[in-house]
Amino acid sequence: MNKAQTLKRKLGSPKPFLSVARHTEDIPSQISINPNLNWKDINWKKVEKSVFKLQKLIYRASSRGEFRKMHRYQKLLLKSYYARLLAVRRVTQHNQGKKTAGIDGIKNLPPMQRFNLVNLLSSRHLKASPTRRVWIPKPGKDEKRPLGIPTMYDRALQALVKLGMEPEWEARFEPKSYGFRPGRSTHDAIEAIFDSIKNKPKYVLDADISKCFDRINHDALLGNIGQSPYRRLIKQWLKSGVLDNNQFLESVEGTPQGGVISPQKRKHRPARNGRVFKQIR
């Protein structure tokens with residue numbers, strides 16, 4: 001049995017697999033943590049508040065250089081039931097890619113199967129699967145850019161890892177860094193540039209690094225991550241390869257663009273933004 005079939009079986013998939021969520025009783029199966037809980041009845045404010053408390057602890061430990069303590073908090077978040085609920089909600093309800101399937105063919109999970117996915121994240125017995133590559137036309141150009149679509153399981157696990165990594169690196173980033181950060185936008189960068197040049201003229205350097213994310217060195221990236229509890233998972237995603245027109249291509253360099261934790265993925269609204277982290281030092 002291949003990975004896609006294994007994942008469908010673990011999610012309790014009916015035959016044929018449900019590709020459209022149905023508003024039925026939404027009763028979770030026996031594999032769920034709480035068989036009496038409906039997805040629609042979850043107190044999401046309580047879930048986000050609980051996860052944010054752990055993120056605050058990670059941020060503080062990172063900003064103070066207490067890396068052992070930070071790693072303990074990150075492990076707690078990885079095991080947190082609330083964090084797993086939030087991760088699954090983001091990839092199955094909030095992200096625009098929820099209707100796009102990876103090599104597993106899974107999309108639009110019904111509520112009861114979301115519970116199964118939450119429970120599946122606690123075991124993490126499945127290894128990373130290859131991403132399905134699709135080619136997206138660039139606006140106004142004849143070129144196409146590659147987009148990697150992970151499996152639903154990998155997307156949820158990436159969202160869980162992202163919840164623990166964002167506060168760690170938010171504490172380390174430069175204060176004037178605005179790219180790929182929660183709570184930052186182009187308007188913030190424009191405002192910072194205006195404040196910097198309004199009193200006297202300055203030079204502005206514009207650089208376009210060709211195919212930057214397609215050529216990132218894996219060893220250098222993993223070296224920056226250090227002894228993170230997420231290191232093994234990140235290495236798996238970097239080395240998982242891609243499936244392009246049913247042809248497997250090994251990943252030697254670069255990051256898969258299109259996943260939840262990829263540099264270009266900024267579709268959902270984060271639970272708390274970077275400015276909040278700045279206020280809890």
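## A buried tryptophan and its partner

Trp-39 is buried, with a relative accessible area of 4%, where buried means under 20% relative accessible area, as found with a 1.4 Å probe on protein chains only. Phe-115 also counts as buried, at 1% relative accessibility. The model is predicted, so that local features need pLDDT of at least 70 and side-chain atom pairs count only at pLDDT 80 or more, while totals for chains, interfaces and linings use all residues. Residues are numbered from 1 along each chain as its sequence is written, and side-chain values use heavy atoms, without hydrogens and water.

## Aromatic rings

The structure holds three aromatic pairs, a pair being rings of Phe, Tyr or Trp (its six-membered ring) whose centres lie within 6.5 Å. Helices here are DSSP runs of H or I with at least four residues, and strands are runs of E with at least two, numbered from the N terminus. Trp-39, Trp-44 and Phe-115 form one aromatic cluster.

## The open sheet

Four strands form an open sheet in the order β2-β1-β3-β4, with mixed pairing, and two strands pair if DSSP finds at least two bridges between them. The edge strands, β2 (144-149) and β4 (247-249), each pair on one side only. Strand β3 (residues 242-244) runs antiparallel to β4 and is joined to β4 by three bridges; Asp-244 has Gln-247 in β4 as its bridge partner.

Terms used: Phe/Tyr/Trp six-rings, centres within 6.5 Å; stacked < 30°, edge-to-face > 60°. Buried < 20%, exposed > 50% of the residue type's maximum accessible area, 1.4 Å probe, protein only.
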